[in-house]
Every structure is written in structure tokens, then in C-alpha cells.
Amino acid sequence: MNSSLRLYLLLPVFLLLFTTSCITKKEFGEVVKANVEAGMYTNTKINTPYLVLKTDQLPKMDSDVKVKKLSSYMVPLFFFWGWDRSYQCEINSRYYSNIFANSLEQKAHEFELEKLLGDKRIEITLEQVPKGFLYTNTGSVYFLIVAYFYDYDEKIYTQSPDFKISYKLMQGDRELKTDSLSYQFKEPVTNIADMSVSFVGFYMQDFKTVFENKTNEFIERIIEEL
């Protein structure tokens, strides 16, 4: 096999290495921050005579995002390339509580909750929200004389994946009803086509959409059960 043909065959591998496996800790943190910062400007609270949202049970963080590098290495040899890169990301719980509060205000207006409740009130407690996620990127390439073999895997796992709320229907000091609702974000997300930076950004957008959808579902179920 001549050198030009071999270079042509190896080109896809080098493109794979340099376009998907090279996200740095700084780049990773910047992508996450860009996706959550708009939801961090305020700390939305709801405390009215008919509707209360409690967030005291959620963990507190000083920063919006914390990124910790768990592993990062690349082994470039003549016959073998291998890499392993993983980051642990924590997101301030205020990001999730603000999403929930905004949806709750919209649903309260949509269903005219104040009129529906009359002299009663609902107290909703956010008990658990996802803590963050784990990003992993591993791969290896074996170069032979006339061929190459590679293995590549890039995934994001939701950490502390439980989303749980509880609520109480009150009339004065009397508790009329209490219940809880929960959902677990179980499945990891695998990158099959995008650059690493885009993959992380798309994950953040999709996760926000799923969280908003589950939030709306929870709120509507509470209202339906009044």
C-alpha cells in the first residue's frame, strides 16, 4: 500500500480524534455555564396566601457550576492511540428551582388556581433535583500495516438523577391531602455524530426540555387531583 493511500484511509481516524475527543475542562465548563446562566440571575420564590413553593431541602452552592476533572490522558504511539477524558459537573439547584417556579406561576395563571382553591392553599416542596452529570470520552485506535481498528465512546450520565416533589393541600392549619411525585432520569446519552462541544450543548438543551415537561406534568397532576 503506498503512503498516499494509507494517509487517505487514516484521515477519518484523525478527524475523529481531533474533532470529538479534544474538549478541555475550560471549554466544557464554558458550554455548561452558557446553557444555565440565564436561569441563575434570580432566585424565584412563590409565597402567596394560596400557593407556596419551598426549596429549603435542596443543596446550596456558591457558584452556578462546578466542574471537576476526573481523568484526562492521551497516549499517542506509532501503532496505538488511546485516550480517556471525564468530567464531573455540578449545577446549582437554583437553576432547577427557577425552572419549576416559572412553570408553576404559568400553570397557576392558566388554570386560575387562586379561584379554584378558594380558602385553601397548596404547599409544594422541591425535595430532590438532579445534581449534575458525568461526561466521559474514551477511545482507542490500533494501527496495522494496511488497516486500523478503533473503538470510541462518548456519553453523559445524569448524577443523582431523582426529581421529587411533595405537596400538601391545606385549609387554615388543617391538612386536607398530601402526596408526592417523582421521576428518575436513568438512561445515559451517547454521542453518535456531533463534535464534543456541540454534544454537551445539545444535552443541556434536551435535559432542560425534559425537566420542564416533567415539571408541567407534575403541576397539572396536582391541579387535577384537587
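Thr 215 is buried, with a relative accessible area of 0%, where buried means under 20% relative accessible area, taken with a 1.4 Å probe and protein chains only. This is a predicted model, in which local features need pLDDT of at least 70 and side-chain atom pairs count only at pLDDT 80 or more, while totals for chains, interfaces and linings use all residues. Residues are numbered from 1 along each chain as its sequence is written, and side-chain values use heavy atoms, with hydrogens and water left out.

Thr 215 sits in helix H5, helices being DSSP runs of H or I with at least four residues, and strands runs of E with at least two, numbered from the N terminus. Apart from neighbours within four places in sequence, Thr 215 touches Phe 100, Ser 103 and Phe 163, contact meaning heavy atoms within 4.5 Å.

Let me turn to the aromatic rings. Searching the whole structure gives 14 aromatic pairs, which require ring centres within 6.5 Å. For Phe 100 and Phe 163 the centres are 6.4 Å apart and the planes at 85°, so this pair is edge-to-face, the class for planes over 60 degrees apart. Phe 100 belongs to helix H3 (residues 93-110) and Phe 163 to strand S7 (residues 162-171), so the pair ties together parts that are 63 residues apart in sequence. Both Phe 100 and Phe 163 are buried.

Finally, back to H5. Helix H2 (residues 25-36) packs with helix H5 (residues 196-224) at an angle of about 30°, their axes lying 9 Å apart. The two helices, H2 and H5, are therefore roughly parallel, a term for angles under 35 degrees.

Definitions and conventions: Axes fitted to C-alpha atoms, helices over the stretch in contact; angles between N-to-C directions. Parallel < 35°, antiparallel > 145°, perpendicular 65-115°, else oblique. Phe/Tyr/Trp six-rings, centres within 6.5 Å; stacked < 30°, edge-to-face > 60°. Buried < 20%, exposed > 50% of the residue type's maximum accessible area, 1.4 Å probe, protein only.
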